[in-house]
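Here are some notes to read with the model open beside you. Take the points one at a time, and find each place in the structure before moving on.

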Amino acid sequence: MTQVQVLILGLLLGGVYALMASGLTLLFGVMRVVNLAHAAFIVLAAFLSFFLWEGAGIDPLVSLVVTVPVFFLLGMAIYRTVFPRIEGSPRFTEMTVLMTFGFAFILEGLMSKYFTGIFRQTKPPYAQDAIILGDLYVPTGQLYAAITSAVFLVALWAFLKYTRTGYGVRATMQNRDAAQLVGVDVRRVSTVAFGMGMALAGAAGALISFVFPFYPSRHWQWIAILLSLVVLGGMGSLKGAVVGALGLAVISSFVSTHIGAVWAPITFFGALFLMLMVKPEGLFGKKARA
Amino acid sequence: MALLEVRNVRAGYGGGPDILTDISIDVEEGRSYCIIGPNGAGKSTLLKTIAGLLRPRDGDILFDGESIAGRRPDQVLATGVCFVPQDRTIFPQMTVRENLVMGGFLLRDKKLVEQRVDELMGRFPRLAERSSQLAQTMSGGEQQMLVMARALMIQPRLMMIDEPSLGLAPQISNQIFDIIRSLSSEMGITVLLIEQNVKKGLDVAEWAFVLDLGTCRFEGSSAEILDDPRIRDLYLGQLAEAAKESGDAE
């Protein structure tokens, strides 16, 4: 396999990881919530797409119009019902880690009970196809997933950059107190941002449903990877999550080709260790204030 | 009727003790006030409570005759009360201009926001020079200037400023005090200022409230307060306490 081929596969994988990680980093950036259940919600969305595919023959790319709004509403409802209880706690972030860890277990348990632990995958025709360019091949399933991810990420960026609510979200990410002082209703902004973070999980779920085989407990593997690349990019930085995802996916793709597939997951954690030793705040992270 | 009336307010943080035990003050429109008092007197807590960052446990706060106690910060701001806290709350990764635009978040009218940003750039040439620079790259004095200019975006009637000179070189803090003076003298904004440097604070403001242990002990014109022997006692008293405590610790 040529180096260009490895690079292409790495970038396609990275595109999907970037979408999976964007919601996670958004929740941390705006609300200081570390959502350990993020990947579990992605698996739940994948199941939703799977059942739409199996039951009604709906293409997973079309099922986005279901998973995204459903998860947006679900996210806002979760935020409003659960988080006010721990808001204002001096250990808020730590508490969200424990709480979402619990969510992850509950979700995994429910999915295992009702959906069983069998490997699932939606199989639209393009998922098994590839575009051949000379001696390069581009798997169409991954290509479509990466393109769709890019569309969502650009939409997210445009929302943050050009809308009034987006300004409110960005302001809250940069300085929550200052945002409050210029009149941003941070509770409302947080609710919307939580919904958006979950909507991104909903989108990622529909895409992975045809990119990776999945089963309820698969989320642990993903959340570990997502956390490592979010920390690497800088917690709360969207740019960091995207750069981290693309960079690490490409590196792991090379490791997998040249050293061996079993070593690929180690890439993420190795890079994480290195980053924490050299620059603990991550590539684009803010230094913690003393 | 006073512009701002604080009536028997009691407030504190989380489940902690009362920081403000029972405080009442009246603020008249168009004048400038300084709040002084030893550390822990409740000066910052008072401003945070008025700004809506802290909910009073008891008592009432009236602005222009209307109760604003317990409202959200954005709702308090919408009435024309703005707060400039002591930690230079800028948006670090936004440009100076974007920071000012954020100050007009409540205005909703893009044209009006642009117009006011341009006005403020005219008033603060230093900010105009740095218009497209990221706010985090500016000096402490410039950041303080930016936060005050940002607060002016909504054309507030009352501006509360907490220790604007904290950590600034004397020359820079003098510039900041000049700006604060011009707020009331040129723009007719009512100013409520906290200043650790009592002399400086009294020099800028016309009237002073002296806080201790969460209540307003006494008030008076700046000239009166400056000569009041009780002021020395208050600060010296605290020093004596501190000396005693550290003595106990040993």
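1. **Ground rules.** This is a predicted model, in which local features need pLDDT of at least 70 and side-chain atom pairs count only at pLDDT 80 or more, while totals for chains, interfaces and linings use all residues. Residues are numbered from 1 along each chain as its sequence is written, and chains are lettered from A and ligands numbered from 1 in the order in which they are written.

2. **A sheet in chain B.** Let us start with the strands (DSSP runs of E, at least two residues, numbered from the N terminus, as are helices, which are H or I runs of at least four). An open sheet in chain B is made of four strands in the order β2-β1-β4-β5, with antiparallel pairing. Strands count as paired if DSSP finds at least two bridges between them. At the edges stand β2 and β5 (66-67) of chain B; each has a single partner strand, so one side of each has no neighbour in the sheet.

3. **A helix on that sheet.** Which strands does helix α1 (residues 43-51) of chain B touch? The helix packs on the sheet and touches β1, β2 and β4 of chain B. Contact here means C-beta atoms, placed from the backbone, within 7 Å. The direction of α1(B) makes about 70° with that of β2(B); axes are lines fitted to C-alpha atoms, for helices over the stretch in contact, and angles run from 0 to 180 degrees between N-to-C directions.

4. **Strand β1(B) and its two partners.** On one hand, β1 (residues 4-12) of chain B is joined by six bridges to the antiparallel β2 (residues 18-27) of chain B. Within this pair, L4(B) is partnered with V27(B), and V9(B) with I23(B). Five residues lie between the strands of this hairpin, where G14(B) takes a positive phi near 50°. On the other hand, five bridges link β1(B) to β4 (residues 58-63) of chain B, again antiparallel, and E5(B) stands opposite L62(B) there.

5. **A hairpin in chain A.** Now look at β1 (residues 130-133) and β2 (residues 136-139) of chain A, an antiparallel pair with four bridges. L133(A) has L136(A) as its bridge partner. Two residues separate these strands, and G134(A) in the turn has a positive phi of about 65°.

6. **Two domains in chain B.** An automatic or database assignment gives domain 1 (1-80 + 156-239) and domain 2 (93-155) of chain B. Their centres, taken over C-alpha atoms, are separated by 24 Å. Across the boundary, 12 residues of domain 1 of chain B are in contact with nine of domain 2 of chain B. On the domain 1 side, α2 (73-78) and α7 (170-185) of chain B each give two or more residues, and α7(B) has the largest share, four residues.

7. What does L193(B) touch? Not counting residues up to four places away in sequence, its contacts include Y33(B), I35(B), I161(B), I180(B) and V204(B).

8. **Where the chains meet.** How many residues of chain A are in contact with chain B? There are 14, and they are in contact with 20 residues of chain B. On the chain A side, α6 (164-174) and α7 (176-181) of chain A each supply at least two residues.

Key
Two residues are in contact if their C-beta atoms, placed from the backbone, lie within 7 Å.
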